[in-house]
There are 2 protein chains.
Amino acid sequence: MPSDRLVLKFGGTSMGDLERIRRAARIVAAEARAGKQVAVVVSAMAGKTNELVAWTDGAGPAAAGLPLSDDEYDVVVASGEQVTAGLLALTLRNMGLNARSWMGWQIPILTDDAHGRARIEDVPGEVLGAAMDAGEIAVVPGFQGVTRGGRITTLGRGGSDTSAVAVAAALNCPCDIYTDVDGVYTTDPRIESRARKLNRVSYEEMLEMASLGAKVLQTRSVELAMAKRVPVRVLSSFVEPDEDGYLPAGAGTLICDEEEIVEKRIVSGVTMSRDEARITLLGLSDRTDAPADVFTRLAEASVNVDMIVQSQARTEGTVNLTFTTGRRDASRAAELMRTHQTAIGFEEIRVDEDVAKVSVVGVGMRSHAGVAQTMFRALADKGVKFQAISTSEIKISVLIDAAYAELAVRALHAAYGLDGV
Amino acid sequence: MPSDRLVLKFGGTSMGDLERIRRAARIVAAEARAGKQVAVVVSAMAGKTNELVAWTDGAGPAAAGLPLSDDEYDVVVASGEQVTAGLLALTLRNMGLNARSWMGWQIPILTDDAHGRARIEDVPGEVLGAAMDAGEIAVVPGFQGVTRGGRITTLGRGGSDTSAVAVAAALNCPCDIYTDVDGVYTTDPRIESRARKLNRVSYEEMLEMASLGAKVLQTRSVELAMAKRVPVRVLSSFVEPDEDGYLPAGAGTLICDEEEIVEKRIVSGVTMSRDEARITLLGLSDRTDAPADVFTRLAEASVNVDMIVQSQARTEGTVNLTFTTGRRDASRAAELMRTHQTAIGFEEIRVDEDVAKVSVVGVGMRSHAGVAQTMFRALADKGVKFQAISTSEIKISVLIDAAYAELAVRALHAAYGLDGV
């Protein structure tokens, strides 16, 4: 991997006004003057995407029977990043640097045609790389792409992180993501003041943490970084660079291969998400295909199910089936169940949004026994009951009463020895 | 010219908010339901382009020795029309119509690479026409184009009118321009309340009137309409359409070939412009090449000179040379003269911005004698002295003291029989 190229990504807060754009430009300039070939991926000004989305909402959805309007939604919403890309290029030139912007359709950042939530399919790096070889800083609007048919697409919320990683993969170089936090923490410092910044975290851990509620990076961007082996560093754009534009040594968190992490930990982080809902079907028929019927219907309606618990019901010949979904899918899922209540065969449905999912994540779990016991003991010591559990090779999640969420996070943070001194 | 296609153009006021966009959409829908194949060209929301330009100004000009930043200016500023094009397409779909937006680079609207003031070179109409043949309303952002090298350009202020005419030429159809006035008037109704709306005006007259200060249409758009013989109608988007979306009969002004105008007039309009400055070089050498020296230097600095008067000076062997420029070029022109004062050879320079140009325009002048006398007598009757004159086949302009501008407009409007009853 050539060390002379680097992708920098700045989020909406870092692009919030001209003064902040100048601050970002100083960071870019320092990297360029240090001999790096730099590509910069930018978000829209903070708040701008919301404004554009509100306008598209006001313009209204497509009338029945006509093609979905998401393609025009993308035309409107993609404009926010076009503006900041042009402004950053202008600012860099004003500082004496050679820069130009590259729209998604100019590179091109090729995506599928799932407008509003498109996935990047290919980013040819040749033209961009040649311009950088010729001494030009490339400024790329994040979040946007183009279909093979030449229509503008957007990648969905947080998509600029994914754009940055995709450009880095195309250029075969690392990616520094400047955001409003100074790295990845063992847990949310707003919940536990003893949270510590991690110097390094593995792709696998970061992926779990992103999925489980850590909002530092979009999950898809971590997946892509892991698949393409792009080293990603998360940094704060509010750390004051010195007069040459350099940041303090050791800033941020590097997301990298597990092998590159020297300090071994059993658990790297504790996450918490309130974006959960619990749905219980009481008195479900104990036909062996009943749960399959439920989950097939949910899958067909694109409702993702996370945890599943089946327990004995009071009524003979029936069970209770509990599952969790994302909160925004809960009412749709419940409606779907009610519509097909007879076909599925259950007595009653209950929906509870007053729940939280607390998780511990760490690659060290693979080789350590007793991780789960530590968790259950720590929760029991605080009187926290759990309603469901799910595990993977490197994480354990429990669903608990939302009122206990912060308490549980702090208890687990201490129990796994993550508290800073 | 197939009568089943039509280009509609809406300016920034008509795109000012979602409610106004819906009003524009109702006009589009009425034309579509009346059987027209419609393409719509839109400006950015009123005020938006100014905001974007202010941001580019804040980001600063390019540092010395680097390429001009106008290409990135265009990236930023072109985004305003992208937003309204997407929003109008969404709104039309919401009304049950089939519509999609076409960016400048998608059609493509090919321009030269004079960023910030690009000229349209070619608009292939095949793809757009095919989509319209297939029943789709095409929504096109005005003001923007793309170079053959694939970079975004803008056409300069008022460029959306030119976009609309160019699209109409490509589609071989007429163009209705919806704006905040209800047509072309014999003079500015804010100056002379007896001004009348013209039902028809020739390309040549409209071109002179646009150049001479009538702000209804951008000059370039009229040139293009004349060259391509595109019938252009100017209409108010604030006339309330009836419930089917139809406008009152006889609305607006049609700009067309002279032959299509039945009602013959000697003078069609009186215009006034304060965007003038008068520069006088006193005691200029009477060398025969001295004026050529002056005007060559001005031309090389891209200063357009309008009127020129040379008169005898007091000093033997010298003349006084007076010329007019656009007001925004005046200080630059004066500076240029001062820098080369010795080489050119003159004693003193005077700059007067307190002047106005009043003009009468009409194709009838070609075949009528006495038009100039009427003008001079009308001005003399009111005690208005003129400082310079310029004429073309179909217009006479005089430069006068700015204080007399409105008085002169009203006097000429009456003298040529233009006052409404």
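Trainee: At what angle do helix 4 (residues 79–94) of chain A and helix 4 (residues 79–94) of chain B pack?
Mentor: Two packed helices are described by the angle between their axes and the distance between the axes. Axes are lines fitted to C-alpha atoms, for helices over the stretch in contact, and angles run from 0 to 180 degrees between N-to-C directions. Here the axes lie 9 Å apart, and the angle is about 180 degrees.

Trainee: What pLDDT do local features need in this model?
Mentor: Residues are numbered from 1 along each chain as its sequence is written, chains are lettered from A and ligands numbered from 1 in the order in which they are written, and side-chain values use heavy atoms, with hydrogens and water left out. The model is predicted: totals for chains, interfaces and linings use all residues, side-chain atom pairs count only at pLDDT 80 or more, and local features need a pLDDT of at least 70.

Trainee: How are helix 4 of chain A and helix 4 of chain B directed relative to each other?
Mentor: Helices (H or I, at least four residues) and strands (E, at least two) are DSSP runs, numbered from the N terminus. Angles under 35 degrees count as roughly parallel, over 145 as roughly antiparallel, 65 to 115 as roughly perpendicular and the rest as oblique. The two helices are therefore roughly antiparallel.

Trainee: Which residues in helix 4 of chain B does helix 4 of chain A meet?
Mentor: Contact means heavy atoms within 4.5 Å. From helix 4 of chain A come A:S79, A:Q82 and A:V83, and they meet B:S79, B:Q82 and B:V83.

Trainee: What is the handedness of the crossing of helix 12 of chain B and helix 13 of chain B?
Mentor: Helix 12 (residues 371–381) and helix 13 (residues 405–415) of chain B pack at about 130 degrees, with axes 9 Å apart. That makes helix 12 of chain B oblique to helix 13 of chain B. A crossing is left-handed if the near helix is turned anticlockwise from the far one by less than a right angle, and right-handed if clockwise. This crossing is right-handed.

Trainee: How many aromatic pairs are there over all chains?
Mentor: Rings of Phe, Tyr and Trp (its six-membered ring) pair if their centres lie within 6.5 Å; planes under 30 degrees apart count as stacked, over 60 as edge-to-face and the rest as tilted. By this rule the count over all chains is seven.

Trainee: Why is the pair of A:F10 and A:Y178 stacked?
Mentor: The ring centres of A:F10 and A:Y178 are 4.9 Å apart, and the pair is stacked because the planes stand at 15 degrees.

The pair joins strand 1 (residues 5–10) of chain A, which holds A:F10, to strand 9 (residues 175–179) of chain A, which holds A:Y178, across 168 residues. The answer is thus a plane angle of 15 degrees.

Trainee: What is the relative accessible area of A:F10?
Mentor: Buried means under 20% relative accessible area, exposed over 50%, partly exposed in between (1.4 Å probe, protein chains only). A:Y178 counts as buried at 1%. A:F10 is also buried, and its value is 0%.

Trainee: How far from the ring centre of B:W102 does B:R100 lie?
Mentor: A charge sits over a ring if NZ of Lys or CZ of Arg is within 6 Å of the ring centre and within 35 degrees of the ring normal. B:R100 lies over the face of B:W102, at 3.7 Å.

Trainee: Which residues does A:D329 touch, not counting residues up to four places away in sequence?
Mentor: A:D329 belongs to helix 10 (residues 327–339) of chain A. With a relative accessible area of 13%, A:D329 is buried. Under that sequence limit, A:D329 touches A:S302, A:V303 and A:N304.
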